[in-house]
Amino acid sequence: MAFSSQHGGNIIEAAAVMGVDANSIIDFSANINPLGMPDSLKRAIVANLALAERYPDVEYRALHQALASHHHVPQEWVLAGNGETELIFNLVQQLAPRKALLLTPGFAEYRRALTRAGCEITDFPLAEENNWQPDESLLLALTRDLDCLFLCTPNNPTGLLIDYELLLAIAQRCLENGIALIVDEAFLDFLPQEAGLIPHLSRFPQLYVLRSLTKFFAIAGLRLGYMVSANTELVNRIRQQREPWTINAFAALAGEVILNDREYIEASYRWLSTEQPRLFNGLNALHGITVWRPRANYIFLRCDIYGLDLQRALLEENILIRHCANYPGLDARYYRVAIKSPTDNDKLLDALRRVISNKVDAGE
Ligand SMILES: Cc1ncc(COP(=O)(O)O)c(C=O)c1O
């Protein structure tokens, strides 16, 4: 079909393709917390509208202090960005790697940032037979000629968490071989039991952990992410060389407010702990659909019904899901859906039952 967006969340393009109003489309293609922006943040923004009239602190001291104390790390280890995406590009530009390894399928912006920096990229394909998980063979691929490895846990689009012991072994191997390891933990906030690699940073000075606040706190339009690393020299170089004021005053304020909103955080955990298994089971029961058990707020699936373009068929039902045909390593059978509110999840399941039974009844 004509709908070709590189990212989820492109309801404008989807609406144009379908000739409908963007507001009438339910967006399952971007993985945003359906509880919406925290009320504490709405109140803080309204109470501080005057912030728009002056420049934000160019050093973002209060923001960096809030992020550092949240993770119990020194403030010099933390650098916030206009969404995590800005930091992916800043970091690659500063590291200037000549040779990088990327796991496929994976988030597209690593490849774009590396390509822009003129870096040679080698792919490390994740295999469906291995449940899309990396194993010890990845350690053998981490040789001295490499400069950089990107990992994403839980991975996008598969929604699977990398085994923690393996992750630490990878970090050790990268340290020994002089490889910069960039670990994208954009969705880790959805897993309350998982600490990720931030607690290990002091052992691994070539490790850079990236975090996004846009998904868990539903501020994709406001934009805020951050990087944490014990390599203060490199963090400082980015701090000094990048463009000033890229984080707007309200996004900076968000970072000072939302991490303390325990009520919102707990409500989000409650929502996900019921809707994640419910949507998984609903999808798993569908004819012709294979689903991978998710760890975050989105679900990866394969549709084996011949001739059924699931994205197109669901758009006819005013539902947008992410097709994964443009991920290296995948093809048109693979899709990703966000986990949304109970009502929206039911709409997705109902629509899927309809489009699948229509196709099957048509005997195609
Ligand atoms: C794995 C992953 N990392 C990073 C990002 C970008 O996050 P941000 O909105 O903070 O730039 C995304 C957005 O979809 C993502 O899926």
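This is a predicted model: local features need pLDDT of at least 70, side-chain atom pairs count only at pLDDT 80 or more; totals for chains, interfaces and linings use all residues.

Me: OK, A218 then. Why does A218 count as buried?
Reply: Its relative accessible area is 15%, so A218 is buried, the cut-off being under 20%.

Me: Where is A218 found?
Reply: In the loop between β7 (207-212) and β8 (225-228). A218 is not a glycine, yet it has a positive phi of about 50°.

Me: Switching to the ligand. How many residues surround it?
Reply: 13 residues, and the closest are T85, D184, S212, K215 and R223. By class, the shell has four nonpolar, five polar and four charged residues.

Me: Which distances do you have for S212, K215 and R223 to ligand oxygen atoms?
Reply: For S212, a polar side-chain atom lies 2.7 Å from an oxygen atom of the ligand. For K215 the distance from a polar side-chain atom to a ligand oxygen is 2.9 Å. For R223 it is 2.6 Å, again from a polar side-chain atom to an oxygen of the ligand.

Me: How much of the ligand does the protein bury?
Reply: The protein buries 90% of the 400 Å² that the ligand exposes when taken alone. The space the ligand takes is the largest pocket.

Me: Backbone again. Which residues are joined by cis peptide bonds?
Reply: T104 and P105 are joined by one, with omega about 0°. N156 and P157 are joined by another, with omega about 20°. P105 is in the loop between β3 (99-104) and α5 (108-116), and P157 is in the loop between β5 (148-152) and α7 (164-176). In general, most peptide bonds are trans.

Me: Last one, S24. What does its side chain reach?
Reply: The backbone oxygen of D21, at 2.6 Å. S24 is in the loop between α1 (11-18) and β1 (26-27), and it counts as partly exposed because its relative accessibility is 33%.

Me: How far apart are S24 and N318?
Reply: They are 294 residues apart in sequence, but 6.6 Å apart in space, C-alpha to C-alpha.

Key:
Residues are numbered from 1 along each chain as its sequence is written. Side-chain values use heavy atoms; hydrogens and water are left out. A residue is near a molecule or strand if one of its heavy atoms lies within 4 Å of it. A polar contact is a pair of N or O atoms within 3.5 Å; within protein, one must be able to donate a hydrogen and the other to accept it, and residues adjacent in sequence count only if both atoms are side-chain atoms. Accessible areas come from the Shrake-Rupley method with a 1.4 Å probe; for residues, only the protein chains shown count as cover. On a 1 Å grid over the protein atoms alone, a cavity is a set of points where a 1.4 Å probe fits but cannot get out, and a pocket is an open set with protein on both sides within 12 Å along at least five of seven lines; lining residues have an atom within 4 Å of a point. A molecule sits in a cavity or pocket if more than half of its atoms lie within 2 Å of its grid points. Ala, Val, Leu, Ile, Met, Phe, Trp, Tyr, Cys and Pro count as nonpolar, Asp, Glu, Lys and Arg as charged, and the others, Gly among them, as polar. Helices (H or I, at least four residues) and strands (E, at least two) are DSSP runs, numbered from the N terminus. Buried means under 20% relative accessible area, exposed over 50%, partly exposed in between (1.4 Å probe, protein chains only).
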